[in-house]
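Here is a short report on one protein model. Keep the sequence and the 3D view open while you read.

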Amino acid sequence: KTYRGFIISNIPVTESAILVTDSPQKRAFDFILSTIVKNYDYVPNRRSLLETYVLVTVYYATEGDDWFNNYNYLSTNYCDWNRVTCNNNDEVISLDLFANNLVGTIPEELIYFSSGSSTSLTTIMLSSNLLKGTIPTEIGSLTTLERLVLDNNKL
């Protein structure tokens, strides 16, 4: 299976967007190929590859280069990224981007965290940013989610 096919088969909402030049999804996929796949010091398992793709999509969809605090983002291991908390199995359990100058929309790719392959995410904090649009209905499928904070945005 190709990497693109693998990502699409696990995160179907990304299928058309991953082909669009400069879309957050295409940029995240290019990141996977150029940084993760070619880095022989860190070879992620399938779950880690998908979690990296989702988190990098969030980064690009919300103008991560302009975040107030993007320390260590886009390094090879997302568990080292500031404001991303992982458990002992390197599964994302918290994404806390409160008051961090996120601009854009919340990507649907977050549904991956409800797919059964990755069911550890308990907290999403995106409040006090400049997010706009609608809240993806798929967020309601995040069965392990205990805390979702989205206030003070333009949603």
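How many residues apart are Arg47 and Glu51 in helix H3, and what does that separation amount to in helical turns? They are four residues apart in H3 (residues 46–61), so about one helical turn separates them. Note that this is a predicted model.

## Salt bridges

A search of the whole structure finds three salt bridges. The table lists them.

| Asp30 | Lys26 | 2.9 Å |

Start with Arg47 and Glu51. Arg47 is buried, and Glu51 is buried too. Glu91 is buried, as is Arg47. Through shared partners, the salt bridges join Arg47, Glu51 and Glu91 into one network.

Now take Asp30 and Lys26. Both lie in helix H2 (residues 24–37). They are four residues apart, about one turn of the helix. For both, the value falls between the 20% limit for buried and the 50% limit for exposed.

## Aromatic pairs

The whole structure holds six aromatic pairs. One of them is Tyr59 with Tyr60. Their ring centres are 5.4 Å apart and their planes meet at 80°, so the pair is edge-to-face.

Tyr59 has 3% relative accessibility, so Tyr59 counts as buried. Tyr60 is buried as well, with a relative accessible area of 17%. Another pair is Tyr73 with Trp81, and this one is tilted. Its centres are 4.8 Å apart, with 35° between the planes. Tyr73 and Trp81 are both buried. Ring pairs link Tyr59, Tyr60, Trp67, Tyr73, Tyr78 and Trp81 into a cluster.

## Helix packing

Two packed helices are described by the angle between their axes and the distance between the axes. Helix H1 (residues 3–10) packs with H3 at an angle of about 80°, and the axes are 11 Å apart. H1 and H3 are therefore roughly perpendicular to each other.

Which residues meet where H1 and H3 pack? From H1 come Tyr3, Phe6, Ile7 and Asn10. From H3 come Arg46, Leu49, Leu50 and Tyr53.

## The sheet

Four strands form an open sheet of mixed pairing, in the order S1-S2-S4-S6. S1 and strand S6 (147–149) stand at the edges. Each has a single partner strand, so one side of each is left without a neighbour in the sheet. On average, neighbouring strands of this sheet are turned by 15° against each other, direction ignored.

Strands of a sheet pair through backbone hydrogen bonds, either parallel or antiparallel. S1 and S2 run antiparallel, joined by three bridges. Val84 stands opposite Leu95 in S2.

## A loop residue: Ser127

Where does Ser127 sit? Its place is in the loop between strand S4 (123–125) and strand S5 (130–131). Is Ser127 buried or exposed? Ser127 has 3% relative accessibility, so Ser127 counts as buried.

Its neighbours within four places in sequence are left aside here. Ser127 is in contact with Leu97, Phe98 and Ala99, and also with Val149, Leu150, Asp151 and Asn153.

## The whole chain

The protein chain has three helices and six strands. Read along the sequence, they follow the pattern α-α-α-β-β-β-β-β-β. The chain has 155 residues, of which 48% count as buried. Consider contacts between residues at least 6 apart in sequence: 63% of them join residues at least 24 apart.

Note on methods: Residues numbered from 1 in each chain as written. Predicted model: local features only at pLDDT ≥ 70, side-chain atom pairs only at ≥ 80, totals over all residues. Heavy atoms only, no water. Phe/Tyr/Trp six-rings, centres within 6.5 Å; stacked < 30°, edge-to-face > 60°. Buried < 20%, exposed > 50% of the residue type's maximum accessible area, 1.4 Å probe, protein only. Salt bridge = Lys/Arg side-chain N within 4 Å of Asp/Glu carboxyl O. Helix = DSSP H or I, 4+ residues; strand = E, 2+ residues; numbered from the N terminus. Pairing = 2+ DSSP bridges. Axes fitted to C-alpha atoms, helices over the stretch in contact; angles between N-to-C directions. Parallel < 35°, antiparallel > 145°, perpendicular 65-115°, else oblique. Contact = heavy atoms within 4.5 Å.
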